[in-house]
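Here are my notes on the side-chain packing, written for someone who has the model open. Please read them alongside the coordinates.

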Amino acid sequence: MIIRKIKQCLVNQYTAAGMYGGWLAVFLTVAQCPGQTIPKTVSLFDGKTLAGWKTVDPAQQKQWYVADSMIISGDRQHKIPENTYLQTTRAYGDFEFRCLFRLTGDPKTGMINSGIQYRSVIEGTKIIGYQADIGDGYWGDIYDEHRRGKLVGGDLSVLKRVLKPDGWNSYIIRCTGKRHELYINGVKTCDYLEQDNNIPQKGVIAVQIHSGGAAQVEFRDLTITEL
């Protein structure tokens, strides 16, 4: 909404300046657009510590660690015994979240799956809320963890051309009001509109590794822009 208003303000200024009055006048007067500020992108991870993060279940703290500027869980040697989540200590409403991720593991050992929770709430040691899914059979889905299950399947028609199942990929999660958009490697997989007015529109973000196989998930360059 803010960006749209800034764009409209620029158009108005450009029109007023005239076709040949130019963009110089626009850039000089953009500060005159009242009440408009460009959203600031901030890092959610300092690359060295888990400051600003904690596990949903305190007993699982040792299952998440930092190495080589990455947040990591799992070792590809031992099966993941139960779902575990590392959450932000802050809650977010409207935002654009970005990160790079890599999920690896042998599917012969069991399920290899991960995800990114968002607008999620904590009840005891349980996290409830939306999840941007990661893994074969689930890429780009929106799943409602501990609430309604799968909400919408990811569109893989284009994604399959650029997805790196065992390599580094990017995720973008954009929430504005009741609209949810997911992108993997810049390709939109979901565009979902929440119809239930009782579902919270603000909550924590969390990274997950799913129970099952001998998996490892790595996250890096996690940022958020509050909209």
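The points below cover the cores, the aromatic contacts, the charges over rings and the cysteines.

1. Basis. This is a predicted model, in which local features need pLDDT of at least 70 and side-chain atom pairs count only at pLDDT 80 or more, while totals for chains, interfaces and linings use all residues. Residues are numbered from 1 along each chain as its sequence is written, and side-chain values use heavy atoms, with hydrogens and water left out.

2. Cores. A nonpolar core here is a set of buried Ala, Val, Leu, Ile, Met, Phe, Trp, Tyr and Cys residues joined through side-chain atoms within 4.5 Å. Buried means under 20% relative accessible area, exposed means over 50%, and partly exposed is in between (1.4 Å probe, protein chains only). The largest nonpolar core has 41 residues, and the members touching the most others are Ile116, Tyr118, Tyr171, Ile173, Phe219 and Leu222. A second, separate core holds 5 residues, including Val56, Tyr85, Val204 and Ala206.

3. Aromatic pairs. Rings of Phe, Tyr and Trp (its six-membered ring) pair if their centres lie within 6.5 Å; planes under 30 degrees apart count as stacked, over 60 as edge-to-face and the rest as tilted. The whole structure contains 4 such pairs. Phe95 and Tyr118 are edge-to-face, because their planes are at 75°, with ring centres 6.4 Å apart. Phe95 is in strand S6 (residues 95–105) and Tyr118 in strand S7 (residues 114–123), so this pair ties together parts 23 residues apart in sequence. Strands (E, at least two residues) are DSSP runs, numbered from the N terminus. Phe95 is buried at 0% relative accessible area, and Tyr118 is buried at 1%.

4. Phe101 and Tyr171 have ring centres 5.5 Å apart and planes at 40°, so they count as tilted. Phe101 belongs to strand S6 and Tyr171 to strand S11 (residues 169–176), so the parts tied together are 70 residues apart in sequence. Phe101 has 0% relative accessibility and is buried; Tyr171 is likewise buried, at 0%.

5. Cluster and charges. Phe95, Tyr118 and Tyr130 make up one aromatic cluster. A charge sits over a ring if NZ of Lys or CZ of Arg is within 6 Å of the ring centre and within 35 degrees of the ring normal. Arg147 lies over the face of Tyr130, 5.6 Å from the ring centre. Arg220 has its charged end over the ring of Trp168, at 5.9 Å from the centre.

6. Cysteines. How many disulfides does a search of the whole structure find? The count is 0, a disulfide being a pair of cysteine sulfur atoms within 2.5 Å. Cys99 is buried at 4% relative accessibility, and Cys190 is buried at 2%.

Technical notes
Helices (H or I, at least four residues) and strands (E, at least two) are DSSP runs, numbered from the N terminus.
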